Amino acid sequence: MKKANLLWIDLEMTGLDPVKDRIIEVGVIATDWRLNEVARYTAAIKVNPRLAKRRMTGDFWEKNMAVREALFEASQTSGRVVRTVENELIDFLKKNFDMKQPIYLAGNSVWNDRQFIERQWSRLNNLLHYRMLDVTAWKLVFENHFRTKINKPEIHRALDDIEGSIAELKLYMNRIKL
């Protein structure tokens, strides 16, 4: 079986504060270094409805009301306990990665997702390498050095955003012929 090298992750959270906010949706896509998909996983996570309603406010959520409602609905109707999702993610890693090799997180602004992982999924975090592949760094180089701007769709649903990040990195790599 083909083993993955990169764990592309996107978390949707009730907000951006890893102390006060909670993960409400996770999506992951495992790829090799050529960005070929090996496997994928997604889950809604049960979040206390009072916390979600209190934290999912402000300009961002007002502009994305349909997304907020969809995430809240998924959390309440099909959401699983955060520990269950962590266990499923660990099983996903064991099935799709060589656990003797480094597992690198990848994504856009993945450092922010990593803060939530460290706080809410410490056992998963312990399986991940400290180095990460952040597409945002590529974006900065291309926009500021090469004067090339590539816009990825901002759907704010986990799997859609990961697919956009992978496509974005493929475009950057194609521009420099990697």
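Q: Which helix is glutamate 86 found in?
A: Glutamate 86 is found in helix H4, residues 82-96. Helices (H or I, at least four residues) and strands (E, at least two) are DSSP runs, numbered from the N terminus. This is a predicted model, where local features need pLDDT of at least 70, side-chain atom pairs count only at pLDDT 80 or more, and totals for chains, interfaces and linings use all residues. Residues are numbered from 1 along each chain as its sequence is written, and side-chain values use heavy atoms, with hydrogens and water left out.

Q: Is glutamate 86 buried or exposed?
A: Glutamate 86 counts as buried because its relative accessibility is 0%. Buried means under 20% relative accessible area, exposed over 50%, and partly exposed in between (1.4 Å probe, protein chains only).

Q: What is glutamate 86 in contact with, leaving aside its neighbours within four places in sequence?
A: Glutamate 86 is in contact with Gln120, Trp121, Ser122, Arg123 and Leu124, where contact means heavy atoms within 4.5 Å.

Q: Turning to the strands, how many residues of S2 are buried?
A: Nine of the nine residues in strand S2 (residues 23-31) are buried.

Q: In which sense do S1 and S2 pair?
A: Strand S1 (residues 6-13) pairs with S2 in the antiparallel sense, over eight bridges. Two strands pair if DSSP finds at least two bridges between them. Aspartate 10 has glycine 27, in S2, as its bridge partner.

Q: And how many bridges join S2 to S3?
A: Seven bridges join S2 to strand S3 (residues 37-44), and the two run antiparallel. The bridge partner of threonine 31 in S3 is glutamate 37.
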